[in-house]
Amino acid sequence: MPDLIIDGRPVRVPKGTPVIAAAESLGIVIPRFCWHPALGAAGACRMCAVMFLDGPVKGLEMSCMVPAADGMVVETFHPEAVTFRRRVVELLMANHPHDCPVCDEGGHCLLQDETISGGHALRRFPGRKRTYLDQDLGPFIQHEMNRCIHCYRCARFYQEYCGYLDFGPMQNANRVYFGRFASGPLESPFSGNLADICPTGTLTDKPGRYKSRRWDCQRAPSVCPHCSLGCATVALSRYREVVRVEARENPAVNGHFICDRGRYSFGYAASAERPRQARADGVPTSMSTALALAGTRLGGVVEAFGPEAVAVVGSARSSLETQTALTALARAGGWRGPAFFADRTEQQAVAAALAALAGGRARSLAEIGQADAVLCLGVSPLHDAPMLALSLRQAARAGAVVAVADPRPATLPLPFTHLPLAPDKLPGAAALLTGAEAADAAAIQRALPLSPELWPALERLAPAFAAAGNPVLVFAPALAAQAPADARFGLFPVLCGPNAAGAALVADADAPACDDLARAIEAGEVKGLVLAEADAAALSPRLAAALPGLETLVVLDHLPTPSFAAAKVFLPTQTLFESGGTLCNNEARLQYAAPVAPPGEPVSRDGRGGHPPRDYARKLPGTDPLPAAALCAVLALEMGLDMPALSFAAFTGVGPEDVAPEGTRATRLPAAPTAPAPPSAPPGQGLVVVRDDALFATDAYGRYAPLARAQAPAASVVRLHPDDAAGLGLADGEALTVTVGDRRIEATLAVSAAVARGAAVVPRLPGWAGLPAAIGPETLRRRQP
Amino acid sequence: MTDILCGILVMLARMAVVLAVVFGLAAYMILVERKLLGRFQVRYGPNRVGLFGLLQPIADGLKMLLKEDIVADGVDRRIFLIAPAIVAGAALFSFAVVPFGPTFAVFDRPIAQVIADTDVGLLVIFGLSSLAVYGVALGGWTSDNKYSLLGGIRGAAQMISYELALGLSLVPVAMMARSLNLTDIVSAQATLPFALSQPVAFAIFVVSALAETNRIPFDLPEAENELQAGFHTEYSGMRFALFFVGEYVNMILLGSVTAIFFLGGWNGPLLPPIVWFGLKVLAVPVFLIWTRASLPRLRYDQLMALGWKCLVPLGLANILVTGALLAAGR
Amino acid sequence: MEEKKDKTGLLREVLDGAAGLAGSYAATLTHLFRRPVTEQYPEYKRPMPARTRGRIILTRSPDGKERCVACYLCSGACPVNCISMQSEEGPDGRRRAAWFRINFARCIYCGLCEEACPTLALQLTPEFAFCKDAIEDFVYEKEDLLVDHGGKDPDYDFYAHAGVAAGRPKGEHIGEDEPVDVKSILP
Ligand code: SF4
Ligand code: SF4
Ligand code: SF4
Ligand code: SF4
Ligand code: FES
């Protein structure tokens, strides 16, 4: 622990800390361009020069390159250092274009800040400026290479930190260029971070191009709702519209970065399709009319059939506040529910996954980066939880062994072993790697007799896992039973929605699931349903099919889902950006997303591209939506119910006031329920249906975000193992017709050995939700021309 | 019977003439003040309404009449409404005893150019002018506003203090005229105005009178850069106009009183008496306006010191000397 | 203090005071006979200097294109927040204002926006008398603000200096080198 003095103030920092970071811990921000806490030092920009007066190093040195050492005396404002830094800026500006007014970085540009604070205003250099041709880097990043100051942050992030190689430095000397070999979309699913880390306007956010200046935006800490990890974000909104989402530093979760799904899927909130007006029997009406109607209709059902005839359904995408309010509403009315999960098994699985975290076994995303062996069981990192892939890469860079046991093909920007195994084989494989003793070849062959191609890999992995001091099991909730008793193993479940953990905590252990409600509707026991921020079609096809049997269906939502179209009474709700809310992520960490955008139709649409109407008396359009929790309260009032004041503290042990900025772990986890039965082989000859997420537009919100939807593959893809494809007589690339219920979906076939034998990998889209657990040739058919 | 009727008629006529003249004068005095001040400051003053801005007072009057009469919350309504009337009323009543010229005859009836020729005219004027302080003090107090209150208190203190000096300056006048009747006082100056025979009393009178009318340099009750508008901060519309007009009526009254007490009333060579009187009456407001353009406002302590430590002793001494001289002369 | 109280001191003070009073009366009296300096406005309109701060215009560059690049600097500088706009990319690739609005009812004509404007697009003109009956009419849109000349600086062209390839290819702006050949293997 070196002790040193910076600007006259003593500080003690951990060994290996660079002086620039030591100064930052004192609140002294030394100017820098290339150093980044996550990327480390490159010594490329020479901007962080400070004067070392005493200690092992003396003279003008780069504070990012010198590790803090005992006895150092550092002065950041030494005249020599200040002059040096001023010269550095002047040199950088010698080639910098006269662009600030048309540059999107202006206003939050590190180069601009340093130039202005250093007082450089007049160009003394008479020479000409270097220029570069730009590239089209795809839909997310705008390239303006003239502005580059060659700090290498982008290259270090893209290649070293993320492990993608299609973007990087080229050429030498005064011609160094950062780009791709040729124009084309960036391959990395983390490319959006380039806009955040590039200290200049070279790489800027393309979707937000020419939209706003940072100073005009309302900004608030938010939480990403596009997978269960709950990465910290900052949402920027202007003129009643979220214009950008940026990464927020949360050292315990996502560190400094977020994935592109989280960054570019915000469009659902301002989308033109978003329903913003209440509806009664499909006809737009006022909020008060719709609420009164919902009250009368539900009241009528209660009167005719008793309170048990009304049920409430919520989902894993609502905030804890909403889920709690739904519970309170159901309790007040004596109604059924709320149901948050498709079936009992899923609910139990999530509860079991959370229960397993008790006793300090939960690991955070940051801790996975420090693990020395990671097994992903039934989880495809890049698709189920993209930022997990980045953490795995950091672990792998530090030498960790990474194995992914999953039926779906997996690509990861790191060396890893993929074990494509059908779901029913996964428990066996897990047992081989999570035992205290390394499994021997015989055990491996006994466990997986039909996959000889995996034996060598498993034989390599088994001793590595057995020897690991800090291994982590990343698992899907269905495999919660496989969580090893071995306390060495940290646990990291990956769940099915941003607040799935919250739903599992809030739901009663004996609460009905959607399938139970569907059964009750079919039996005529349930006549009225309240669907709150839940899409029946995506949640449970059976429930969606049962909806017509209802007497009244009240839908509360902000997405134009099929359930919205089916609603008898529709009540618009606010999004997380508008109402704020608390989400509980996969490691049971509660995080608060602050409201950032005022509700209402965005100004851009209000003015139809021109200036907004000049009418001071008018009510702002689209301001009807209310927070779902508030709607529950009004509905209760409307029906004369006495809704108990319930806080989510009752379910999580953590109250709203206790949620720390970096999140707080729930202290009340489910008491270990009976772990779900491990997936079993399907009866008969079918292929097990495995659902796969894409990076974009398969999550509940992304499906309704125009930008994310534009990135989704044009055609749905079904993936099969070559043996299975051969068994069905199908070839790679063939056009298929898939029969789902009474509908037919068109898809193409992709055949790959990376798919588990006996599995059919289909996209996780609502249209595909109706597929049975196992399918055969009658479902997958060659499309007749 | 006809006598009585004629008397009443003449009385009414006199009152009507006096009121009309005084109000007309007051209104145009405002215009004169604004124009003169303008010229003192090398600008034009109002010149847009009518020829040379001659219709400006009418426009202003109309504007005031049409303005909303705002009565602030928390004021004592009755007093609030009466206060401006007291100020204007006291000034107007005083004109009842002011003689404008010597008695003349119509159809052999002697017609005095005064509404009420009383023997205690000096005391009446004095008494009425003391009443004005109620308007200021009450208006300030009832407005429920700290600036108004301060203005009202200042006004009360200032007017009471200077009343003393004012009274003392008039004692020698009464002594020399041997009467309190204003017509007699004028007659006593047939040869020499008291301004010349009683210069000290005259000086004290002018200074105290300035203070009594709350005009610069003694406008502390409404000192706008300290108290917004002092006692009339909360007044608007016609009520404000009453305060305003009251001030100008006061100026004219002051002119008349000065003319009578010190400038020899209507006495003067060549011109008819009424013209002389008019000229003398107008000279005083013009002087006041000139003063306003020339002098800065006194500080409050200076104001009090001037009144109590300088004017009052001086006035007393002056009385003693006058008395001594008169006794010696007898 | 002591001297002030003796007779000569007091007398001098009185005389000084009297002289002071007389002096100020004399000063005002002489003013009374001077010619007023007031200019009679609607009859006589004084020619205003070119840099007088009055109604705001958006000028055009020498090639006749809109100068404003919707950089938000003027709206950021405005102390009363009376400028609002939305930037967008025009058909020629240039950044420009989709709409641009100044509320002259709020503007205090401080000129900070003009100082902030990096493209010399926004300029204050000497026109100061533009009364309206309705306060909404003081809200000027881009089409009301845009003029067809370059105002006080007719020659400046921001896009001739900037490095972005909007209209002019890379390397053809003032003071620029040819674009670097990334594939060259020459040293
Ligand atoms: S990168 Fe920064 S300094 Fe360069 S043009 Fe953009 S805002 Fe200006
Ligand atoms: S593109 Fe940005 S991050 Fe990359 S080297 Fe240039 S300035 Fe640095
Ligand atoms: S002149 Fe001043 S107040 Fe008016 S628009 Fe410009 S910056 Fe704003
Ligand atoms: S500062 Fe100039 S260029 Fe920028 S938005 Fe305002 S008028 Fe347009
Ligand atoms: S930050 Fe140290 S050299 Fe760039």
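Biologist: Which residues are the closest to ligand 4?
Modeller: This is a predicted model, where local features need pLDDT of at least 70, side-chain atom pairs count only at pLDDT 80 or more, and totals for chains, interfaces and linings use all residues. Residues are numbered from 1 along each chain as its sequence is written, chains are lettered from A and ligands numbered from 1 in the order in which they are written, and side-chain values use heavy atoms, with hydrogens and water left out. The shell around ligand 4 has 14 residues, each with a heavy atom within 4 Å of it. The closest are C:C68, C:C71, C:C74, C:C117 and C:T119.

Biologist: How many residues in the shell around ligand 4 are nonpolar?
Modeller: Let's sort them: Ala, Val, Leu, Ile, Met, Phe, Trp, Tyr, Cys and Pro are nonpolar, Asp, Glu, Lys and Arg are charged, and the others, Gly among them, are polar. The shell has no charged residues and 1 polar residue. The nonpolar count is 13.

Biologist: What area do chain A and chain C bury between them?
Modeller: The size of an interface is often given as the accessible area lost when the parts come together. Here that's accessible area with a 1.4 Å probe, summed over both parts. Contact (heavy atoms within 4.5 Å) links 39 residues of chain A with 42 residues of chain C. Carbon and sulfur atoms give 53% of the buried area, which is about 3300 Å².

Biologist: Which residue of chain A meets C:K170 in a salt bridge?
Modeller: A salt bridge puts a side-chain nitrogen of Lys or Arg within 4 Å of a carboxyl oxygen of Asp or Glu. Chain A and chain C have 6 salt bridges between them. In one of these, N and O are 2.7 Å apart, and the partner of C:K170 is A:D134.

Biologist: Which strand gives the largest share of the side of chain A that touches chain C?
Modeller: Strands here are DSSP runs of E, at least two residues long, numbered from the N terminus. The interface of chain A and chain C has 31 residue pairs in polar contact, both at pLDDT 80 or more; within protein, that's a pair of N or O atoms within 3.5 Å, one able to donate a hydrogen and the other to accept it, and residues adjacent in sequence count only if both atoms are side-chain atoms. The largest share, 3 residues spanning part or all of 129–131, comes from strand β6 of chain A.

Biologist: Which residue of chain C forms a salt bridge with B:R48?
Modeller: Chain C and chain B share 1 salt bridge. Its closest N and O atoms are 2.9 Å apart, and the partner of B:R48 is C:E43.

Technical notes
Buried area is the accessible area (1.4 Å probe) that two parts lose on being put together, summed over both. Helices (H or I, at least four residues) and strands (E, at least two) are DSSP runs, numbered from the N terminus.
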